Amino acid sequence: MVRDLARSRARPIIARAALAGCLIAALTGCGSLSRREAAVTAVARQFRSAVAAGNAAVACGLLAPQTRRELERSADLPCDRALADADVPTHGHHVDTVDVYGDQARVVFAGDTVFLASFSAGWRITAAGCVYRGDQPYDCVISGR
């Protein structure tokens, strides 16, 4: 009888603890998403600013490894020179939309879109200067394919 009474009192405490744990997890997840969106936006803006300022070292450093290799291969030039010739849009820093899905992200600026992926070194640009084409794949000035 004493055990039954102790168990019946423990159930509400366990239920409240489980509810509190779920609430904390939900709130932490939301905070985590907003931090990730802010980080993605900052990298996309930094990339566009570096390209606009002609700071190829910074811009090339923000490219994902495969994207950088593809840019250099397709232009047959080192990244800094290939990026200068690439005509990546840099006008305006107003962000229309930010989407983060796991380790992939998309930042939509007025007129073009930047795609990113998460690496051990942080978020990196996988495609830039991308234009939405409806049912067709995005048309990107720079991409890692």
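Student: Which residue in β4 stands opposite F119?

Tutor: That's G122. Before we go on: this is a predicted model, with residues numbered from 1 along each chain as its sequence is written, local features needing pLDDT of at least 70, and side-chain atom pairs counting only at pLDDT 80 or more. Totals for chains, interfaces and linings use all residues, while side-chain values use heavy atoms, with hydrogens and water left out.

Student: Okay. How many helices and strands does the protein chain have?

Tutor: Helices (H or I, at least four residues) and strands (E, at least two) are DSSP runs, numbered from the N terminus. Here you get four helices and five strands. Walking from the N terminus, the order is α-α-α-α-β-β-β-β-β.

Student: How many bridges join β3 to β4, and in which sense do they run?

Tutor: Strands pair if DSSP finds at least two bridges between them. β3 and β4 run antiparallel and are joined by six bridges. Together they make a hairpin with two residues between the strands.

Student: In which sense do β2 and β3 pair?

Tutor: Antiparallel, over six bridges. Within that pairing, R106 has F115 in β3 as its bridge partner. β2 and β3 also form a hairpin with two residues between them, and G111 in the turn has a positive phi of about 100 degrees.

Student: Now burial. What percentage of the 145 residues count as buried?

Tutor: Buried means under 20% relative accessible area, exposed over 50%, and partly exposed in between (1.4 Å probe, protein chains only). For this chain of 145 residues, 31% count as buried.

Student: Which residues touch the most other members of the largest nonpolar core?

Tutor: Such a core is a set of buried Ala, Val, Leu, Ile, Met, Phe, Trp, Tyr and Cys residues joined through side-chain atoms within 4.5 Å. The largest one here has 28 residues, and V40, F47, L83, V88, V107, L116 and I125 touch the most other members. Elements that each supply at least two core residues include α1 (2-53), α4 (79-85) and β4 (122-133). The largest share, six residues, comes from α1.

Student: Take L116, then. What is L116 in contact with, leaving aside neighbours within four places in sequence?

Tutor: Contact means heavy atoms within 4.5 Å. With those neighbours set aside, the partners of L116 include V40, V43, A44, V107, W123 and I125. For the chain as a whole, 43% of contacts between residues at least 6 apart in sequence join residues at least 24 apart.

Student: How many salt bridges does a search of the whole structure find?

Tutor: Side chains of opposite charge can pair when their charged atoms come close. The cut-off is a side-chain nitrogen of Lys or Arg within 4 Å of a carboxyl oxygen of Asp or Glu. The search finds four. One of them links D112 and R48, with the closest N and O atoms 2.5 Å apart. D112 sits in strand β3 and R48 in helix α1, so this pair ties together parts that are 64 residues apart in sequence.

Student: Are D112 and R48 buried or exposed?

Tutor: Both are buried. Now look at R106, whose salt bridge with D99 has its closest N and O atoms 2.4 Å apart. R106 is partly exposed at 24% relative accessibility, whereas D99 is buried at 14%. In helix α3 (residues 65-75), E72 and R68 lie four residues apart, about one turn of the helix. Their side chains form a salt bridge too (3.5 Å, N to O). E72 counts as partly exposed at 25%, and so does R68 at 34%.

Student: Which residues of α3 are buried?

Tutor: T67, E70 and L71. Down the helix axis they fall within an arc of 100 degrees, so they line one face of α3; the arc is that of the directions from the axis to the C-beta atoms. Their cover includes α4, β4 and β5 (136-143).

Student: Last one: where is H94 found?

Tutor: In the loop between α4 and β1. At 56% relative accessibility, H94 counts as exposed. The C-alpha atoms of H94 and V108 are 8.8 Å apart, with 14 residues separating the two in sequence.
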